[in-house]
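Please look at the sequence and the three-dimensional model below.

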Amino acid sequence: MAFERLEGEIVHLDLIDTSRIDELVKIFKDKTMYEEAGYSKPLSKDRILEAIDDDGQLLVWEVFLTESGTHLGYAVYVAYDGPPYVFLRFLSEEFEDEDIARDALVELVKGFFENTEESELYFFLDRALCEEYEGPLMDCGFDVDDSLPTIDHEEEAAFVLLRTTYEAYYGEESEVEEVY
């Protein structure tokens, strides 16, 4: 499966499979992780296995700095809680670098559109963080979607990347030489 390892310029992402279920359970005990994944309480072993094995509705990658091998955090794909979306969770604020986040996001976007038939991919962001992160998201091809009815737009912003935009940014016929 092409999702197993995603290689960027700065980072690489390694998929955590169900053979590491105990580690996945530990990851989803973190309140931020399970809430971002659409849950109000930690995910059970059975729920994680169901989501991963049920047509890949939940995928979790470890994000590593390619040069040093430093574990930076996690990248997560969710397809069971509304439209498909991704999110990044870094282990420390020191790893929350714009170039690192952009590189990880570009690889998630490529992996998503190259391995699914979905027409759109979302990224949700707390409104308070929009000013800081809107630029990198738009650099990757995401646009603000103020019409999504499933979120409170006063609290959260929705960014969407359509397949047609992906193909313009990343496709074989793209005139964009480099995303960043």
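With 180 residues, the protein chain would have a radius of gyration near 16 Å if it were a compact globule, and its value of 16 Å agrees with that. This radius is taken over C-alpha atoms, and the globule rule is 2.2 Å times the number of residues to the power 0.38. The model is a predicted one, in which local features need pLDDT of at least 70 and side-chain atom pairs count only at pLDDT 80 or more, while totals for chains, interfaces and linings use all residues. Residues are numbered from 1 along each chain as its sequence is written, and side-chain values use heavy atoms, with hydrogens and water left out.

**The chain as a whole**

Along its principal axes, the C-alpha trace of the protein chain spans about 45 × 40 × 35 Å. The secondary structure comes to 6 helices and 8 strands, and these elements follow one another from the N terminus in the order β-β-α-α-α-β-β-β-α-β-α-β-β-α. Helices (H or I, at least four residues) and strands (E, at least two) are DSSP runs, numbered from the N terminus.

Of the 180 residues in the protein chain, 47% are buried, where buried means under 20% relative accessible area, exposed means over 50%, and partly exposed lies in between (1.4 Å probe, protein chains only). The accessible surface of the protein chain comes to about 9,800 Å², and 43% of this surface belongs to carbon and sulfur atoms; the areas come from the Shrake-Rupley method with a 1.4 Å probe, and for residues only the protein chains shown count as cover. Among contacts between residues at least 6 apart in sequence, 56% join residues at least 24 apart, a contact being heavy atoms within 4.5 Å.

In helix α3, which covers residues 45-53, the residues Arg-47, Ile-48, Ala-51 and Ile-52 are buried. Seen down the axis of α3, these buried residues fall within an arc of 125 degrees, so they line one face of the helix; the arc is that of the directions from the helix axis to the C-beta atoms. The cover over the buried residues of α3 includes α1 (21-27) and β3 (58-65), whereas Asp-46 and Asp-53 are exposed on the other side of α3. After α3 comes Asp-55, whose phi is positive, near 60 degrees.

In helix α5, which covers residues 130-139, Cys-130, Pro-136 and Leu-137 are buried. Down the axis of α5, the buried residues fall within an arc of 145 degrees, so they too line one face of the helix. They pack against α4 (98-115), β6 (120-126) and β8, and just after α5, Gly-141 takes a positive phi of about 110 degrees.

| Residue | Relative accessibility | Class |
|---|---|---|
| Ala-158 | 0% | buried |
| Glu-62 | 9% | buried |
| Gly-38 | 36% | partly exposed |
| Asp-53 | 56% | exposed |

Ala-158 lies in strand β8, residues 156-162. Leaving aside neighbours within four places in sequence, its contacts include Tyr-122, Phe-123, Phe-124 and Leu-148. The C-alpha atoms of Ala-158 and Glu-120, 38 residues apart along the chain, are separated by 12 Å.

Glu-62 lies in strand β3 and, not counting residues up to four places away in sequence, touches a set of residues including His-12, Arg-20, Glu-23, His-71 and Tyr-74. Glu-62 and Pro-149, 87 residues apart in sequence, are 31 Å apart in space, C-alpha to C-alpha.

Gly-38 lies in the loop between α2 (31-36) and α3, and, leaving aside neighbours within four places in sequence, Gly-38 is in contact with Asp-81 and Tyr-85. Between the C-alpha atoms of Gly-38 and Leu-121, 83 residues apart along the chain, the separation is 16 Å.

Asp-53 lies in helix α3. Asp-53 and Thr-18 are 35 residues apart in sequence and 8.5 Å apart in space, C-alpha to C-alpha.
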